[in-house]
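The sequence and structure come first, and the notes follow by topic.

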Amino acid sequence: MKYYVLYNPQSDNRHGAEEAKKLEEIFRGNEFDYRDVTEIDDYQAFFGELEQDAEVVLCGGDGTLNRFANNVADVEISQNILYFACGSGNDFLRDVGDNGGKPISISKYLKNLPTVTVQGKTYRFLNGVGFGIDGYCCEVGDKLRAQKPGKKINYTGIAIKGLLFHYKPTGATVIVDGKEHRFEKVWLAPTMFGRYYGGGMWPTPGQTREDDRLSVLVFHGTGKLKSLLIFPSIFKGEHVKKEKNIAVLSGKEITVKYDEPKALQIDGETILGVTEYTARR
């Protein structure tokens with residue numbers, strides 16, 4: 001069997017190429033062709049040149065997976081696509097299930113994905129779209145990574161400092177299938193397709209990627225200290241018990257409008273200065 005390995009050198013704190021080489025131990029005795037996924041400009045041409053019985057292994061984290069899903073959205077692919085998680089968060093793998101550290105087939109997961117429209121552009125996403133302190137964490141993480149390449153980013157630490165000192169919540173209007181809801185002091189307003197994002201947070205426990213709808217969490221109406229107390233419970237899905245400050249809404253089209261521009265993240269990829277997004281299933 002011949003494996004075409006698409007690796008992202010920036011994944012896993014710039015250890016992506018090294019991590020991809022582990023495939024040679026998993027698939028011993030096979031042939032490997034390594035390609036830097038950031039250097040592929042024409043995926044239609046790339047897949048058109050491959051042998052029909054070859055397999056493609058995508059190596060990276062959620063961000064790499066998101067970019068790949070968007071790049072191949074309109075490409076006819078006959079080869080099986082495998083995914084070898086070697087990122088820092090790996091929420092997609094956490095959701096669909098680990099295969100004992102071996103690559104999993106993801107061809108079916110790349111089809112019929114939801115979309116989000118931000119600043120006039122439309123993107124597909126696999127896990128979720130984060131608006132609020134999660135977007136802020138990605139923004140700060142990007143800056144730290146640029147300052148110290150290869151440094152492991154502590155997103156939990158960024159979130160705690162943001163909750164206590166740096167991040168300021170704002171009012172938001174959330175429109176779900178045409179019905180408008182108003183919230184004040186909004187800390188988080190992510191719309192989810194899968195179950196997890198942000199390194200294991202479980203914002204909308206009832207949502208699965210098999211659903212025909214999306215779910216949005218609105219974490220609102222709290223001060224800094226109470227927010228800090230509630231925040232860890234999101235990793236267990238227990239935050240939904242705080243009904244005074246937690247709202248979970250579901251629908252086929254979800255629009256979130258912030259009163260002030262904030263950073264937004266799509267499967268970990270950051271977009272700055274966003275005032276609203278619309279997600280559709």
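Helices (H or I, at least four residues) and strands (E, at least two) are DSSP runs, numbered from the N terminus. Ala 69, for instance, lies in helix H5. The model is predicted: local features need pLDDT of at least 70 and side-chain atom pairs count only at pLDDT 80 or more, while totals for chains, interfaces and linings use all residues. Residues are numbered from 1 along each chain as its sequence is written, and side-chain values use heavy atoms, with hydrogens and water left out.

**Helix H5 and burial**
- Buried means under 20% relative accessible area, exposed over 50%, and partly exposed in between (1.4 Å probe, protein chains only).
- Helix H5 (residues 62-71) is largely enclosed by the rest of the structure, because seven of its ten residues are buried.
- Those buried residues are Asp 62, Gly 63, Thr 64, Leu 65, Asn 66, Phe 68 and Ala 69.
- Ala 69 counts as buried at 2% relative accessibility, and its C-alpha atom is separated by 8.8 Å from that of Leu 113, 44 residues apart along the chain.

- Two strands pair if DSSP finds at least two bridges between them.
- An open sheet of five strands has the order S2-S1-S3-S4-S5, with mixed pairing.
- Strand S2 (31-36) and strand S5 (104-105) are at the edges with a single partner strand each, so one side of each lacks a neighbour in the sheet.
- Strands S3 (residues 55-60) and S4 (residues 80-85) run parallel and are joined by six bridges.
- Gly 60 is opposite Ala 85 in S4.

**Strand S14**
- Ala 263 belongs to strand S14 (residues 253-266) and is buried, with a relative accessible area of 7%.
- Between the C-alpha atoms of Ala 263 and Gly 273 the separation is 5.6 Å, for ten residues along the chain.

**Charged surface patches**
- Patches are made of residues with over 30% relative accessible area and no salt bridge, with like charges joined within 9 Å.
- A salt bridge is a side-chain nitrogen of Lys or Arg within 4 Å of a carboxyl oxygen of Asp or Glu.
- Lys 226, Lys 241, Lys 242 and Lys 244 form a positive patch.
- Lys 244 sits in the loop between helix H9 (224-230) and strand S13 (246-251), and counts as exposed at 68% relative accessibility.
- A negative patch gathers Glu 39, Asp 41, Asp 42 and Glu 49.
- Glu 49 sits in the loop between helix H4 (43-48) and S3, and counts as exposed at 64% relative accessibility.

Notes:
Patches are made of residues with over 30% relative accessible area and no salt bridge: like charges are joined within 9 Å, nonpolar side chains (Val, Leu, Ile, Met, Phe, Trp, Tyr) within 5 Å. Accessible areas come from the Shrake-Rupley method with a 1.4 Å probe; for residues, only the protein chains shown count as cover. Lys and Arg count as positive and Asp and Glu as negative; His and the chain ends are not counted. The place of a charge is taken as NZ of Lys, CZ of Arg, CG of Asp or CD of Glu.
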